[in-house]
Amino acid sequence: MPSPNELLARFRAHFDVWVGDSYNDAFVSRFYDNFFAQSHEIAERFAATNMSMQKTMLHDSLHDLRDFTTDETARRNLQGVAAQHDQAHANIPPRLYDLWLDSLIATLKDFDPDFDQLTERAWREALAPGIALMKGAYKNNGCGVTKMGGAES
Ligand code: HEM
């Protein structure tokens, strides 16, 4: 059984290969294809969106999602994104984040023929705190998130 540190190292190495530092249009475009295919409800929300801008912002926010427990700037950025998605703004209910993460995993599988269960677990565990922050911000209208994420009681 891999240790938490081994899982994190596996996630970070895989992230560098498939997301990377520079914007990868093929990867992010495939992510949105997969995400929109999940339901009309999702595709409809982006009907009026400038997708080329959206895709580069998504690339950047993947980095914030990766780094937000360790980096203050990433944490602030992700809190801003969470506030934009909360009930009072884009009104994205928590259940849609599960489809978002499933779409990201599906995209990784599309690109990486060696993507296995352990790598999937590494991704899901590494992104869980950031996803929890996004979900937790929904009813709190972007507020009420503690310093390193999670809803305040
Ligand atoms: C952790 C998961 C997510 C991340 C990191 C993320 C990231 C982003 C970012 C960076 C933006 C652009 C914000 C800006 O304009 O400055 C955005 C906008 C948006 N996101 Fe998300 N998002 C996530 C989940 C979702 C989910 C689950 C939905 C559900 C449909 C969603 C729907 C939208 C919509 C509708 C917009 C606004 C598009 C527009 O301005 O027309 N997002 N997202």
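Ser61, His63, Asp64, Leu65 and Asp67 in α4 meet Ala74, Asn77, Leu78 and Val81 in α5, where a meeting counts as a contact if the C-beta atoms, placed from the backbone, lie within 7 Å. By class, this contact of α4 with α5 has four nonpolar, three polar and two charged residues; Ala, Val, Leu, Ile, Met, Phe, Trp, Tyr, Cys and Pro count as nonpolar, Asp, Glu, Lys and Arg as charged, and the others, Gly among them, as polar. The model is a predicted one, in which local features need pLDDT of at least 70 and side-chain atom pairs count only at pLDDT 80 or more, while totals for chains, interfaces and linings use all residues. Numbering starts from 1 along each chain as its sequence is written.

How confident is the prediction? The protein chain averages a pLDDT of 92, with 92% of the residues scoring at least 70; pLDDT is the predictor's confidence in each residue, on a scale from 0 to 100. Over residues 146-153, though, the pLDDT is below 50, and this stretch has 17 contacts in the model beyond near neighbours in sequence.

Back to the helices. Two packed helices are described by the angle between their axes and the distance between the axes. The axes of helix α4 (residues 51-67) and α5 come within 8 Å and cross at roughly 120°. That angle makes α4 oblique to α5. Here axes are lines fitted to C-alpha atoms, for helices over the stretch in contact, and angles run from 0 to 180 degrees between N-to-C directions. Angles under 35 degrees count as roughly parallel, over 145 as roughly antiparallel, 65 to 115 as roughly perpendicular and the rest as oblique. Helices are DSSP runs (H or I, at least four residues), numbered from the N terminus. α4 passes α5 in a left-handed crossing; a crossing is left-handed if the near helix is turned anticlockwise from the far one by less than a right angle, and right-handed if clockwise.

Helix α6 (residues 95-111) packs with helix α2 (residues 25-38) at an angle of about 130°, the axes being 8 Å apart. α2 is therefore oblique to α6, and passes α6 in a right-handed crossing. On the α2 side, the residues include Phe27, Phe31 and Phe35, and on the α6 side Leu99, Trp100 and Leu104 are among them. The contact of α2 with α6 has eight nonpolar, four polar and two charged residues.

α6 also packs with helix α7 (residues 117-140), at about 150° and with the axes 11 Å apart. The two are therefore roughly antiparallel to each other, and their crossing is right-handed. Tyr97, Leu101, Ile105 and Leu108 of α6 make this contact with Glu120, Trp123, Arg124, Leu127, Ile131, Met134 and Lys135 of α7. These residues divide into eight nonpolar, no polar and three charged.

A few single residues are worth a look. Asn91 sits in the loop between α5 (72-85) and α6, and has a positive phi of about 55° although it is not a glycine. Asn91 counts as exposed because it has 10 C-beta neighbours inside 10 Å; the cut-offs are 20 or more for buried, 12 or fewer for exposed, and partly exposed in between, with C-beta atoms placed from the backbone. Glu6, in helix α1 (residues 4-18), is exposed too, with 12 such neighbours. The C-alpha atoms of Glu6 and Ala122 are separated by 8.8 Å, although the residues are 116 apart along the chain. Met53 lies in helix α4 and, with 9 C-beta neighbours inside 10 Å, counts as exposed.

Definitions and conventions: Two residues are in contact if their C-beta atoms, placed from the backbone, lie within 7 Å.
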